[in-house]
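Hi,

Here is the structure I promised to pass on.

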Amino acid sequence: MPVLSVLSTLLYFISMPVPWALGHPHITPCRLSQSTALCNSYGLSSVPSDLPQQIEELFLNQNFVSTLQNDCLSRYASLRLFSCASNSLRAVEEKAFSSSPLIESLNLANNELHHGHKQFAQSLRSLTRLRTLDLSSNGLTEDMVSDLLQNLTSLEFLYLSGNILLRLDESTFRDLYQLKELNLERNLLFEIDGAFDHLQKLLRLNLAFNSLPCLVKFEMTQLVMLNASHNLIEWFITNSDVTEIFQLEMLDLSNNRLLFFPFLPTHSSIRSLLLSNNQINFYSHLAVNNSSNWTTNVEYYNMGRNASNITADLWDESLHGDISSVQLLDLSGNQLRYFPKGFLQKMPHLYWLRLRRNCLESFNLTAEDMPATLYELDVSNNRLTELHAQPSSVTVLNNLTHLNLSLNDIKRLPPRVFNTLPSLNTVDLSYNTVGICHSGDISDSDTPACVVWTNHSSLKQLYIAGCSIQNLPPLVFEGTPLTHLELSNNPDLLIGQDSLSGLSGTLQHLGLSNTGLQNFDFSPYKHLKFLNISKNTIWELPKSLLMLNLKLLDLRNNMLSTIQSEHATALADRVQIVYVNGNAFNCCHLEWYRMFEESKALCAVDLSEVTCIDLHRQSQKAMFFDSVDCGSRSTEESIFWYILLFLSVCLSLVGISVIYLLTYRPKVLPRAIKKKCWRPTPY
């Protein structure tokens, strides 16, 4: 009876509603950090209603919210940032934000708001403090955008990338007087007609990845950054009637169809001028053509409204405008054959000049043609056959640090041209036909097909791969503290042990791929960290490698048949990354492979791709090879031979027994057979 009483009492308390339990708040899946609620990727279908009322930032990205209902944010009156991107959001009801008038930043990117844009436009009217709005990738047209942006006079940052805008006019952004940044990239824009004229505070404009055919009569003097890359622009012409100073600092016109250098403002502040991957050339040489059929100017007619036409003299190089403030000029991937005389000198603050992938056949590396401030010069992948440089004038270029002349057809250079550049740190002469000579082998009057690399105190990185170098003289780098030396793809290179002796205290990166290397003592180079000796004829791993602490060792495509166990152990302890594929490894000597596979310190990047040659001269994947095919070397093979031997002995004993019975007891065997097999059949 007492037991039943206790049980009934417990049941009563369990079933009875407990006040403190009812008052316990529901545990939300969101993460809270001070005044921020992070609810991204929680599979939510609506705005949570159990978050703290005082939160100021709410992130609901990557959920399944399809509708923002009226007063869905009524609990959060202090909200300043609301992000509901990537939700397949199709509708925002008219009073969705009415209870959160303090919102300053609204991110609804990557949704489907083109379905209910009119209702959404009404909901935005209550956000009188909105400064940042992101509506990227919502399938919006220009008419929808015009409706959505009505009366948003406080907006400063607007992102509309990835929509389907085709044409912009003066009505599109008519109320955005405070706008500072506008992103319109990845739309389908082909025409802009006065859309930005009244945006007097706009500083950053992104028009990349559209279909604009030209930008003419440009007069946005307040703009600081303009990105119009990846369009179809053939002309960029500034309004020459504007006398104000343009504040533009970065102009990106790369990946377009420009035929001419852009017509820039007469008073500008441009620092970065990006013009790569166009069809730009200079045509001043055509001005001397006296043919009656040859025109020297072009007229642009504006058919849309009453405006003055534009006439430009095509060969007048003064129309390039003010380029005196340019620090970075990128003309890579154009059709340049030359520069007009004094053109580069018009940029006294030029630091970076990039001219790779053009059609230049000669280049003047002199103070008369280059600004003294030049820090980096890239003239790679052109058609250069000669480099003009006078030692007396080259010395003025005391700021030049990086020089790239690779992938040209240079055969001759002034042998000491690089010694006259006091700050030169990196030189890339790869894939030219320039050899190496010692300073004692030439006179000042010579112009041999080689360059002197001794006693260059500032030079740290030298790339001379693929230069058809055959001989590396002794002490050829003496007095030059190189840390990086790339000699790869010189297949006939004869390199002696004393050729690099001056680099034992500094060399960290050495490239000797495809140089015919067979054996070399690397032990003096204690600071070496990266070594590439791939594509050679190395039959056995040099023992000197085992003394180095390398970060990377490339042994690919040599003639190695195995790596001895003690060598593999040393490599696993000292090397961090190794490449070994492409060698003729013996499948029956893969102990090193297992060691590399089990090592925790060594990363053999291509170990799964390693192949080996089996006893039948067939190529096998090393990771799948079964050692049973290697004869007596396997434990399984030894057991197989023991079984075979045992069966042979048994068969021999049976044979001897049969012979014995047939010889000495001939009647026993027939009787036994008759007894077992010749029994009468019962019917």
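Before anything else, one term: a residue is buried when its relative accessible area is under 20%, exposed when over 50%, and partly exposed in between (1.4 Å probe, protein chains only). Keep in mind that this is a predicted model, where local features need pLDDT of at least 70, side-chain atom pairs count only at pLDDT 80 or more, and totals for chains, interfaces and linings use all residues. Residues are numbered from 1 along each chain as its sequence is written, and side-chain values use heavy atoms, with hydrogens and water left out.

Let's start with S229. With a relative accessibility of 4%, S229 counts as buried. You'll find S229 in the loop between β15 (225–227) and β16 (235–238). Strands here are DSSP runs of E with at least two residues, helices are runs of H or I with at least four, and both are numbered from the N terminus. The C-alpha atoms of S229 and D252 are 5.7 Å apart, although 23 residues separate the two along the chain. Setting aside neighbours within four places in sequence, S229 has contacts (heavy atoms within 4.5 Å) with L207, A208, F209, D252, L253, S254, N255 and N256.

Now for a pair of helices. Helix α6 (residues 565–574) packs against helix α7 (residues 591–598) at about 20 degrees, and their axes are 9 Å apart. That makes the two helices, α6 and α7, roughly parallel; the term covers angles under 35 degrees, while over 145 is roughly antiparallel, 65 to 115 roughly perpendicular and the rest oblique. The axes are lines fitted to C-alpha atoms over the stretch in contact, and the angles run from 0 to 180 degrees between N-to-C directions. On the α6 side, S565, A568, T569 and L571 meet E591, W592, M595 and F596 of α7.

Rings of Phe, Tyr and Trp (its six-membered ring) pair if their centres lie within 6.5 Å, and planes under 30 degrees apart are stacked, over 60 edge-to-face and the rest tilted. W592 and Y593 are both buried. Elsewhere, F261, F282, F339 and F343 make up one aromatic cluster.

As for the whole protein, there are 9 helices and 41 strands, and 44% of the 683 residues count as buried.

Cheers
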